[in-house]
Every structure is written in structure tokens, then in C-alpha cells.
Amino acid sequence: MGMIADWPSLAACQNGDPDALFVQGAEQNVAKRICRSCPVRYECLADALDNRIEFGVWGGMTERERRALLRRHPQVTSWRKMFEAAMKKNSQDKTGKDKILVTTG
């Protein structure tokens, strides 16, 4: 199981209002709900982190949450590669539990 290269075509937000993901304050929580069931959430988040996208909700994280994550993990040179490795490890895990965690707090 790997990351999908053409992830935007599969994104849960692709047919919605793009402005809905570029909101502030409490409205960001509404935007983040769109990401919860998105099949390419990690691809989207990796793209935003690797490209240092400064605005909007991407992969279920706000710009503030992404900045904090980047500060906590300055050693990560490619979030895409890190997520791919985690997905590979997860697929080999016999428990079947999702172990890809991105903390925001």
C-alpha cells in the first residue's frame, strides 16, 4: 500500500466549494470534518507539509497545526516518504490497527 500520486482527483473536497477550506476560527473545525473520511487525507497533508503551504485546511490540519508539526519535527525532509514508510509498516502490522498518528497538540 503506497501513497497515491494523483490524489487531488480522489479528494473528498474536489467537488465542494474550495473557499470552504480557507476559513478562519471556528469555521476551520467544519472544514476539517470534510477531511475525516477523505481517502487521500495523508497525501494531501504530506503535500501541504512538504510544500510549506501556509493557508487553508489540508489533510485535516489548519495552517497553525501544520506549522507546529513542522517545528516539532524539523528533521523530516519528506513527509510523503515518512507517511509512505508508516503506511508500509502499518500494512505489515498483524493487528490491523491504524498506527499513523499526527498529533496537533
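Helices (H or I, at least four residues) and strands (E, at least two) are taken here as DSSP runs, numbered from the N terminus. With that in hand, the chain reads α-α-α-α along its sequence, with 4 helices and 0 strands. This is a predicted model, in which local features need pLDDT of at least 70, side-chain atom pairs count only at pLDDT 80 or more, and totals for chains, interfaces and linings use all residues. Residues are numbered from 1 along each chain as its sequence is written, and side-chain values use heavy atoms, with hydrogens and water left out.

**The chain as a whole**

- Of the 105 residues, 36% count as buried (under 20% relative accessible area, with exposed meaning over 50% and partly exposed in between; 1.4 Å probe, protein chains only).
- Among contacts (heavy atoms within 4.5 Å) with a separation of 6 or more, 57% join residues 24 or more positions apart.
- The chain exposes about 7000 Å², and carbon and sulfur atoms supply 53% of that area (Shrake-Rupley method with a 1.4 Å probe; for residues, only the protein chains shown count as cover).

**Salt bridges**

- A search of the whole structure turns up 2 salt bridges, each being a side-chain nitrogen of Lys or Arg within 4 Å of a carboxyl oxygen of Asp or Glu.
- One of them pairs Lys-32 with Glu-65, whose closest N and O atoms are 2.8 Å apart. Lys-32 sits in helix α1 (residues 27-36) and Glu-65 in helix α3, so this pair ties together parts that are 33 residues apart in sequence.
- Glu-65 counts as buried, at 14% relative accessibility.
- Glu-84 and Arg-80 also form a salt bridge, at 3.7 Å from N to O. These two residues are separated by about one helical turn, because they lie 4 residues apart in helix α4 (residues 79-92).
- Glu-84 is partly exposed at 29% relative accessibility, and Arg-80 is partly exposed at 24%.

**Arg-67 and its charged patch**

- Arg-67 belongs to helix α3 (residues 63-72) and is partly exposed, with a relative accessible area of 43%.
- Arg-64, Arg-67, Arg-71 and Arg-72 gather in a surface patch of positive charge. Patch residues have over 30% relative accessible area and no salt bridge, with like charges joined within 9 Å and nonpolar side chains (Val, Leu, Ile, Met, Phe, Trp, Tyr) within 5 Å.
- Lys and Arg count as positive and Asp and Glu as negative, while His and the chain ends are not counted; each charge is placed at NZ of Lys, CZ of Arg, CG of Asp or CD of Glu.
- From C-alpha to C-alpha, Arg-67 and Glu-54 are 8.3 Å apart in space and 13 residues apart in sequence.
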